[in-house]
Amino acid sequence: MNRYIRLISLSFIICHLSFVNASALTKAEADSAYMAGNYQQAVTLYDSLLQQGVSTELYYNMGNCYYRLDDMTHAVLYYERALLLSPGDGDVRFNLQMARSKTIDKIVPESEMFFVTWYRSVVSLASADGWGRMAVAFFLLTAILALLYLFTNRMWMRKTGFFGALVMLLCFVLCNIFGYSQKKDFENRRGAIIMESAVNVKSTPAHDGTDLFILHEGTKVTIIDNTMREWKEIRVSDGKRGWLETKQIEVI
Amino acid sequence: MRLKTILAVTLMLLAQLAAWAQKITANAPQQVAVGQQFRLQYTVNTQDVSGFRIGQMPDAFEVLMGPSTSSQSSFQMVNGKTTSSSSITYTYILSATKNGSFTLPAASATADGKQIQSNTVKITVSGQAQGASSGNGHQRQRQQEPQMRDAGSAIGPNDLFIRVSASKKRVVEQEPVLLTYKIYSLVDLTNLDYKMPDLQGVHTQEVPLPQQKSFSVEQYNGRQYRTVVWSQYVMFPQMPGKLKVPALTFNGIVLQRNRYVDPFEAFFNGGSGYVEVKKQIVAPAVEIEVDALPQRPANFSGGVGRFNVSASLDKTEVKANDPITMRVVVSGVGNLKLIKQPAVKFPKDFDCYDPKQTDKTRLTTNGVEGNVVYDFLVVPRHQGDFEIPAVEFVYYDTQTKQYKTVTTESFKVHVEKGEGGTTTVQDFSGQEDVKLLASDIRHIKTGDAEVRTADEVYYGSGSYWGAIAAILVLFIVAVVTFRKQALANADVAASRAGKANKVATKRLRKAAQLMKAGKSSEFYDEALRALWGYVGDKFNMPVEQLSQDNIRERLSGRGVSDQLISNFLEAIAECEFERYAPGDPAGNMSKVYDKAMVAIENIQKEVK
């Protein structure tokens, strides 16, 4: 029995190692293709890597490739995807801003109360996973500090344990709130990028609808009505709303 | 008979020629028409001529001019032998006045002292010379000379009048009509002045005619008039109904010859023998019927006539932000100046500017003719494939009397990605900003990538909740396991009470050390502190609130026997008493120490 378990675990480890090796190899290849300036080749390599699953690094590098190929639309799309996975990543944010500044539409976001902005920026500091890990860590700390309070008889330790546990519990609750919000965003995928060079945003989900305004490739929109298959109601960050065909946008 | 004479004369002439004899030769056309001018020439082959005379001219011929004399001479040197010849020619210009056959008599002259005679010439006059249109230069010239009349003679309505003609009497709206004012004159007209009134509901344009009017001769009502087209107008009626061009009054000035010129008057006033007479000529009114256009189509351009439209694009492959010029040319005949600009439906993403309109038309008697060129400047802003649809031009064809649509071809434009048009904004503040030479993205992330499946979120997953639950369980287990400690810790007073004996023992030990050192004052302080502190800790009371009474009360409440209580209180009292008592300090100290220790030990045993 014991032997079997050992065998299985061994084989699993070998499999895992080989898998890691393979992926590391091709990513290294793609990276070197990028560094050599073969951006098109790098795109195909990263793309094949992305077949195995998503990854901030791969999305980010993909975005870089498209940026170098002067395709800001795809660059924005992939940076946004990377940012969705790692909202706190400074490199991704910086490059996304660079790529966005080269897109056509200049959208001035709706003004909102400062604490809403703060809340958003705090929430987007980490991904749902990050918040989740933090929540577990805070919970663990809460437990330890509570035990400290309960089982030590030195006054300062007890005091530290008591107040520390309270703070950690608050942090745990906040992490849960932020994590939940990020998880919602991640799972619903409401963000989308306009992929056609210019699209007319319609007032109704029909081709003969009135053209409300024109958006250009690379602009990020938020899907607010996802119920139809052919059409999506979108909102631009400056508050304008309208309908677009599904094929004109790509969900982040 | 006559033939014979001619023959004889000719023979004689030949003989004379051969002998270099002086002679006169008459020369004239054999046949002329009535009214025709012709030349009669007499040539004498010597220079020395005098007394040239011609015979009696038949009355069928009128001498218009002559004689005019011209002479010529020539010298020849051949092999050292010089010959010379010279001649004089007398030329008359005659005009025949009636039909018939006439003989011009011989002319005579004295040449080199000899009397010589010319030959006679026979001329047949037949037919009528054609009028002005015959193209006979002399006659026309004569006709165009001012037919000046004497001053004071009346100028009748048939002597000077204006005829008005319209090219069409019935037109549709916007269809051009040519209005011509033509002057017919038998007098010497020098000036003509008039004013065209502004007409309602019609767009009028004057056809430019040469400033210098040249008259031509035209037969009208059996008389030969000098005529000229004075002015022409192209009219574009704007409203259906009757277009009335009113009668126009022309103020003319006619020159007349003044026969009774006073020489002094002429000398001082520069009188030329002519009088200027003012004459008003009235041109008749004209009416033109204007029909309304049939039901106009929606995209009717307003053009009436015959048109064509063409379009061209200067380039079909451009980079974004590079301008394209689309040229639309409307050409044809009609009211070109009044057509609407053709509408081009450019893709919405193109920036369009107002077209530049170039007028390459000219006014002709058919209307306005030529091309109107529209240059549309557009700037594609973004890459992609676009189509510029065909331009439609709807006009009313005056020939087929219906609306016609002409279209251009459509164009496909491929727009490439343009140059990155980054605009630089300068800041003119005193301080200089750190210049960012270029901004670029950050480098790729190298090293292994953490790949995961797309829908895998740690937060909220089983492992997350598992971790939370595990921590919770561990916590609870720990709490349960060390419950006693926890409970003990939970009661601060109990913990203090539990430690009371320990603290008291510690203090007594210190007192024992002080006793050994012989410091009696400090010893009693420490001993007292041990006793009082013990009860204070034990019953969770501040030391300053303690008294003999409440200690007794508390201790008895905890079930301590009165004996022990009084022992404890005695120990305190003794401690305070012995401090200042005389006698052996060392013996006192040891007695007090023992008593205090026994009292605390006993109470500790009882209370527990």
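This is a predicted model: local features need pLDDT of at least 70, side-chain atom pairs count only at pLDDT 80 or more; totals for chains, interfaces and linings use all residues.
A residue is described here as buried if 20 or more other C-beta atoms lie within 10 Å of its own, as exposed if 12 or fewer do, and as partly exposed in between, with the C-beta atoms placed from the backbone. Residues are numbered from 1 along each chain as its sequence is written, while chains are lettered from A and ligands numbered from 1 in the order in which they are written.

Helices (H or I, at least four residues) and strands (E, at least two) are DSSP runs, numbered from the N terminus. Helix α8 of chain A comprises 34 residues, 155-188, and at 1.5 Å a residue should span 50 Å, which agrees with the 49 Å that separates its end C-alpha atoms; the expected span is 1.5 Å times one less than the number of residues. The buried residues of α8(A) are A:G161, A:A165, A:M168, A:C175, A:N176, A:F178, A:G179, A:Q182 and A:K183, and what covers them includes α6 (114-123) and α7 (128-151) of chain A.

Helix α8(A) is followed by A:R189, which is found in the loop between α8 and β1 (191-194) of chain A. Although A:R189 is not a glycine, its phi is positive, at about 50 degrees, and the residue is partly exposed, with 14 other C-beta atoms within 10 Å. In chain B, a positive phi of about 55 degrees is found at B:K401, which is not a glycine either. B:K401 lies in the loop between β30 (392-397) and β31 (402-407) of chain B, and is exposed because 11 other C-beta atoms lie within 10 Å.

Two residues are in contact if their C-beta atoms, placed from the backbone, lie within 7 Å. B:N308, in strand β23 (residues 300-313) of chain B, is partly exposed, with 13 other C-beta atoms within 10 Å. Leaving aside neighbours within four places in sequence, B:N308 is in contact with B:S331, B:G332 and B:V406; B:V406 is 98 residues from B:N308 in sequence, yet the two are 6.4 Å apart in space, C-alpha to C-alpha.

The contact between the chains takes 43 residues from chain A and 36 residues from chain B. On the side of chain A that touches chain B, α7(A) gives the most, with 13 residues.
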